[in-house]
Amino acid sequence: VQLVESGGGLVQPGGSLNLSCAASGLTYTFSNYVMSWYRQTPGEERELVAYNIGVNGKTRYADSVKDRFHISRDNLGNTYLQMNSLKTEDTAVYYCGARHSSYNYVPAHWGQGTQVTVSS
């Protein structure tokens with residue numbers, strides 16, 4: 001499984017970004033994967049931002065991004081993270097993750113990450 005993120009960059013506080021993750025080499029149908037977004041800052045552990053369970057559409061968000069971020073996916077292997085009202089503390093490397101599961105959101109596969117910097 002290969003995951004490739006895109007869409008990161010520099011944005012001012014209050015701005016928006018839309019991250020994309022393209023999955024390929026899947027062994028199973030894309031809908032049978034839990035897709036997730038994590039983020040990491042230097043010296044800190046990687047933390048969950050959001051996940052989406054393909055088989056039932058269930059989503060979950062970290063409290064810090066709830067009501068500002070939205071995870072979605074299509075039927076072509078793409079997962080998105082729409083990030084609104086960005087804050088300086090959202091600055092991090094964002095990683096896409098995937099696991100073949102109907103409930104386990106801890107990734108078995110990771111992308112290479114995309115940098116998001118929120119700064120004026």
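Tyr38, Tyr95 and Trp110 are linked into a cluster by ring pairs; rings of Phe, Tyr and Trp (its six-membered ring) pair if their centres lie within 6.5 Å. The structure holds four aromatic pairs, and two of them are described below. This is a predicted model, in which local features need pLDDT of at least 70, side-chain atom pairs count only at pLDDT 80 or more, and totals for chains, interfaces and linings use all residues. Residues are numbered from 1 along each chain as its sequence is written, and side-chain values use heavy atoms, with hydrogens and water left out.

**Aromatic pairs**
- Tyr28 and Tyr33 form a tilted pair, 6.4 Å centre to centre with 50 degrees between the planes; planes under 30 degrees apart count as stacked, over 60 as edge-to-face and the rest as tilted.
- Tyr38 and Trp110 pair edge-to-face, at 5.0 Å centre to centre and 75 degrees between the planes.
- Because Tyr38 lies in strand S4 (residues 33–40) and Trp110 in strand S10 (residues 109–110), their pair ties together parts 72 residues apart in sequence; strands are DSSP runs (E, at least two residues), numbered from the N terminus.

- Tyr33 is buried at 2% relative accessible area, while Tyr28 is partly exposed at 43%; buried means under 20%, exposed over 50%, and partly exposed in between (1.4 Å probe, protein chains only).

**Charges over rings**
- The charged end of Arg46 sits over the Trp110 ring, 4.5 Å from its centre; this requires NZ of Lys or CZ of Arg within 6 Å of the ring centre and within 35 degrees of the ring normal.
- Arg73 has its charged end over the ring of Phe30, 4.3 Å from the ring centre.

Notes:
Helices (H or I, at least four residues) and strands (E, at least two) are DSSP runs, numbered from the N terminus.
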